[in-house]
Amino acid sequence: MKPPNQTRLLIRRYLLAFALSASVCFSGCGSRRSNQLASERRNSQTAYDQASKLLSEQDYRSAEPLYAEALAGQLPPDMVAPAMIERAECLGGLGRIPEARTLLEESREGLASEIEYHIALGKVFRAAGEKKQAENEFKLARTLASRQRVRVQIPTVD
């Protein structure tokens with residue numbers, strides 16, 4: 001029978017060999033996952049960039065699915081709320097106001113202020129052609145900005 005010190009040394013060597021083997025395995029697995037996440041992030045960013053261009057052209061039908069794709073992927077956290085707001089605007093432009101409002105409610109925590117929420121809701125109504133409701137939301141945003149003494153650019157209804 002081996003003395004206790006040799007047994008401990010043998011166990012330590014076994015654990016060290018196991019740890020090294022596991023780290024090699026996991027680093028390979030982790031890098032694949034990390035590569036996959038990087039690829040998803042690039043794809044999400046590409047979808048977002050394409051959607052933003054289409055939104056600026058008011059091509060809501062083409063932009064909305066690209067925003068959905070971008071949000072389903074790995075957008076950086078600071079881009080999630082803007083993507084949700086822009087997708088909501090597309091939904092408004094497609095006449096899907098209830099869905100747009102739901103999406104805005106989901107993104108509300110990521111917004112800087114209540115002012116930003118009302119601006120976003122105004123854009124949804126404006127895209128839907130609901131000019132009176134859009135103007136009401138923009139007016140509310142102006143009132144809040146005035147009370148809080150915040151300078152913010154508020155769109156108009158054309």
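Author: Tyr48 and Tyr67 are both buried. Buried means under 20% relative accessible area; over 50% is exposed, and in between is partly exposed (1.4 Å probe, protein chains only). This is a predicted model, where local features need pLDDT of at least 70, side-chain atom pairs count only at pLDDT 80 or more, and totals for chains, interfaces and linings use all residues. Residues are numbered from 1 along each chain as its sequence is written, and side-chain values use heavy atoms, leaving out hydrogens and water.

Back to the two tyrosines. The structure holds one aromatic pair. Tyr48 and Tyr67 form it, edge-to-face, with 5.9 Å from centre to centre and 75° between the planes. The cut-offs: rings of Phe, Tyr and Trp (its six-membered ring) pair if their centres lie within 6.5 Å; planes under 30 degrees apart are stacked, over 60 edge-to-face, the rest tilted. This pair links distant parts of the chain, 19 residues apart: Tyr48 belongs to helix 1 (residues 4-56), Tyr67 to helix 2. Helices are DSSP runs (H or I, at least four residues), numbered from the N terminus.

Now helix 2 itself. Its 13 residues (60-72) should span 18 Å at 1.5 Å a residue, and its end C-alpha atoms are 18 Å apart, so the two agree. The expected span is 1.5 Å times one less than the number of residues. Its buried residues are Tyr60, Ala63, Glu64, Leu66, Tyr67 and Ala70.

Look at Leu104. It is found in helix 4. Leu104 counts as buried because its relative accessibility is 0%. Leaving aside residues up to four places away in sequence, Leu104 touches Ile85, Ala88, Tyr117, Ala120, Leu121 and Val124. Contact means heavy atoms within 4.5 Å.

One of those contacts, Tyr117, has another partner. The charged end of Arg108 sits over the Tyr117 ring, 3.7 Å from its centre. That label needs NZ of Lys or CZ of Arg within 6 Å of the ring centre and within 35 degrees of the ring normal.

Terms used. Helix = DSSP H or I, 4+ residues; strand = E, 2+ residues; numbered from the N terminus.
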